[in-house]
Every structure is written in structure tokens, then in C-alpha cells.
Amino acid sequence: MSKQVKITTDSASDLNDLFTSRDIGNFPLYVMLGDNQYLDGVDIQSPMIFDYYEKTGKLPTTAARSEEDFYEYFKSFTDQGYAVVHVAISSGISSTYNYANAAANRLEDVYVVDGKSLSSGTGLLALAAADMRDNGEDAKTIAEKLEIKKSSVQASFIINTLEFLYKGGRCSGLSAFFGKVLSIKPSLQLIDGNIKVAKKFIGSFGKNLLKYVDFTLEKYNTPDMTRVFITHTYAEKNDVKAVRNKLINYGFAPENIIETIAGSTITSHCGKSTLGILYINDGNK
């Protein structure tokens with residue numbers, strides 16, 4: 001008889017209430033405001049980042065947890081007889097996967113998957129793993145299937161302001177300058193586990209939101225209709241509603257459209273009003 005399976009992922013998966021309702025372990029990453037260190041979603045929330053930046057002009061920083069932290073976390077489940085499948089945010093943007101994998105190698109029946117994504121892109125894989133767990137599949141099989149499925153995750157966002165990306169060293173001063181002059185709203189996408197510019201929209205954020213949705217769904221046009229995320233960093237309610245209605249027009253059932261607020265890890269890099277649609281693009285398989 002196979003062991004019970006525990007699905008876990010990083011707090012940067014931005015699953016909000018779904019961590020609890022789907023019985024998915026939430027392992028919080030570090031966020032630093034100056035010299036003060038916090039655990040994402042535990043003792044820091046995104047509004048604290050906005051307040052800190054407004055008062056100091058400085059950005060927060062983020063950090064992975066140590067191998068020992070992961071070891072103790074996984075061991076808390078294996079000691080109870082569980083096999084563990086952990087979905088980590090992309091190794092291309094964080095050392096989290098490497099530390100988690102090193103910890104897993106010290107234990108039996110712990111499988112770490114490099115999600116090659118972030119935010120609810122990683123969350124989509126964790127939810128797929130929870131679906132498989134609930135259908136009685138064992139941990140090894142779940143991990144193997146996730147390795148295949150992860151290449152189909154469509155994770156992208158449209159950025160309202162380049163300020164956080166610029167100050168965080170993620171775009172050149174020239175790009176930031178033109179972003180201000182021309183009101184460029186870039187769409188960023190996870191491609192092979194790294195963040196790339198998918199398209200640059202010119203004009204207001206609200207004006208380009210629906211263009212971004214059209215661009216994404218026309219390019220990645222075989223979505224698994226089981227679920228789609230609208231994940232944002234406190235975007236305007238009317239903007240979120242417009243995107244939701246657009247997704248319904250594309251055929252997504254209203255109950256399968258999940259809105260989540262990005263946590264402190266993602267907010268630290270993107271700033272306020274960033275919004276993305278995220279889904280698994282393997283609906284034709």
C-alpha cells in the first residue's frame with residue numbers, strides 16, 4: 001500500500017486560501033525590509049511593502065530558506081509517514097529549488113519538482129498535484145507527471161510601473177526612461193524558467209489589460225479550462241472585473257476563474273497593480 005501524499009509548495013505560489021482548502025503545505029520564503037527579516041504571508045503582507053517603499057524609497061529584498069529549513073519542514077511530514085511532493089519556484093530565478101532538493105536527498109520519499117515558474121504558475125502545478133493525490137496516485141507518479149506538465153504552464157503578467165523592476169536592477173535605465181516617456185507596459189513571461197519580455201504595450205494600464213489577455217490567449221490557445229488564475233498586486237477592482245469578463249468570453253466558466261492577491265515575494269519585484277492570467281496550456285492533450 002502506497003503512503004499518503006503531502007503536497008507542499010513555496011509561499012510565492014500565491015494560492016491564498018487554496019493552501020488550506022486543498023490541503024497544500026505553504027512554506028514561507030523570506031522578505032527583508034532593511035535589516036528586518038519577515039516570513040512571507042506570516043508576518044508580512046504586501047501593503048507593508050508599499051508603505052515601506054513610500055516612506056524610505058527603498059525596495060525590499062527576498063531570500064530563499066536554507067537547506068536545513070527545508071529538511072526540518074519535509075521531515076515533519078515524513079516522520080508522520082507521508083511521502084512528499086514539493087513544487088518549487090523556478091531555479092532560474094531563485095536558489096529555493098536547489099536547497100529544497102538538497103534537503104530531499106537526505107530523506108526517503110521526498111520529491112522536489114522545479115516548477116520553472118513563479119506565483120500562481122507554480123500554484124497551478126501544486127493544484128494539479130493535489131488533484132492527482134485526491135485521485136489516489138502515489139508521490140513518485142505525481143512528481144513524474146508534473147515534470148511533463150510544467151512545460152505547459154503559461155505564466156505571464158502585465159506591469160503597471162517599471163519603477164520596482166528598474167530599482168531592483170531588472171531593466172536598464174534607458175528602458176525605464178522610455179517606459180516613463182512612452183508609458184510602456186511590458187508583459188513579462190516565464191519562458192524555460194526565466195523571466196522574459198513577451199510584448200511591450202504602449203498607453204495606459206487599463207487600456208492595455210484586455211489587449212494583454214487577447215495576446216496571451218491567442219498565442220497560448222489550448223488552455224486547460226479546469227482553472228485559470230487572475231493574480232495581481234492590488235489592481236483596481238474594475239480592471240480585475242474586466243479581465244474576468246474577458247476570460248468568460250473566451251469560454252472559461254466563472255467558477256473556474258480564480259482571483260488571488262500576490263504575496264510579498266512577488267510584490268517585492270513587481271510593484272503595485274501588476275496583473276497576470278495564468279493557466280496550463282495543455283487542453284488539447
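This is a predicted model: local features need pLDDT of at least 70, side-chain atom pairs count only at pLDDT 80 or more; totals for chains, interfaces and linings use all residues.
A residue counts as buried here when its relative accessible area is under 20%, as exposed when that area is over 50%, and as partly exposed in between (1.4 Å probe, protein chains only). Residues are numbered from 1 along each chain as its sequence is written, and side-chain values use heavy atoms, with hydrogens and water left out.

**The whole chain**

- The protein chain has eleven helices and 13 strands; these are DSSP runs (helices H or I, at least four residues; strands E, at least two), numbered from the N terminus.
- With a radius of gyration of 19 Å, close to the 19 Å that the globule rule gives for 285 residues, the protein chain is as compact as a globular protein of that length. The radius is taken over C-alpha atoms, and the rule is 2.2 Å times the number of residues to the power 0.38.
- Along its principal axes, the C-alpha trace spans about 60 × 45 × 30 Å.
- Take the contacts (heavy atoms within 4.5 Å) between residues at least 6 apart in sequence: 75% of them join residues at least 24 apart.

**Surface and charge**

- The accessible surface of the protein chain comes to about 12900 Å², and carbon and sulfur atoms own 48% of that. The areas come from the Shrake-Rupley method with a 1.4 Å probe, and for residues only the protein chains shown count as cover.
- On the charge side, there are 31 positive and 33 negative charges, and their mean positions are 8 Å apart. Lys and Arg count as positive and Asp and Glu as negative, with His and the chain ends not counted; each charge is placed at NZ of Lys, CZ of Arg, CG of Asp or CD of Glu.

- Strand 1 (residues 5-10) has six of its six residues buried, so it is largely enclosed by the rest of the structure.
- Both faces of strand 1 are covered, with Val-5, Ile-7 and Thr-9 buried on one side and Lys-6, Thr-8 and Asp-10 buried on the other.
- Strand 1 runs parallel to strand 6 (residues 83-88), joined by five bridges, and Lys-6 stands opposite Val-84 there. Two strands pair if DSSP finds at least two bridges between them.
- Strand 1 also runs parallel to strand 2 (residues 24-27), this time with four bridges; here Thr-9 stands opposite Asn-26.
- Strand 6 is mostly covered, with six of its six residues buried. Ala-83, Val-85 and Val-87 are buried on one side, and Val-84, His-86 and Ala-88 on the other.
- Five bridges link strand 6 to strand 7 (residues 110-114), again in parallel, and Val-84 faces Val-110 in strand 7.

**Buried residues in helices**

- Ser-46 sits in helix 2 (residues 46-56) and is buried, at a relative accessible area of 2%.
- Not counting residues up to four places away in sequence, Ser-46 touches Tyr-234, Ala-262, Gly-263, Ser-264 and Thr-267. Its C-alpha is separated by 34 Å from that of Gln-4, which is 42 residues away along the chain.
- Thr-96 belongs to helix 4 (residues 96-104) and counts as buried at 0% relative accessibility. Leaving aside neighbours within four places in sequence, Thr-96 is in contact with Asp-10, Leu-29, Ala-64, Phe-70 and Ile-89.
- Arg-133 lies in helix 5 (residues 120-134) and is buried too, with a relative accessible area of 15%. With neighbours within four places left aside, Arg-133 has contacts to Val-5, Ile-7, Arg-22, Asp-23 and Ile-142.

**A loop residue**

- Asn-256 is in the loop between helix 10 (237-249) and strand 12 (257-261), and is partly exposed with a relative accessible area of 23%.
- Beyond its neighbours within four places in sequence, Asn-256 is in contact with Met-225, Thr-226, Arg-227 and Val-228.
- Asn-256 and Thr-56 are 200 residues apart in sequence and 40 Å apart in space, C-alpha to C-alpha.
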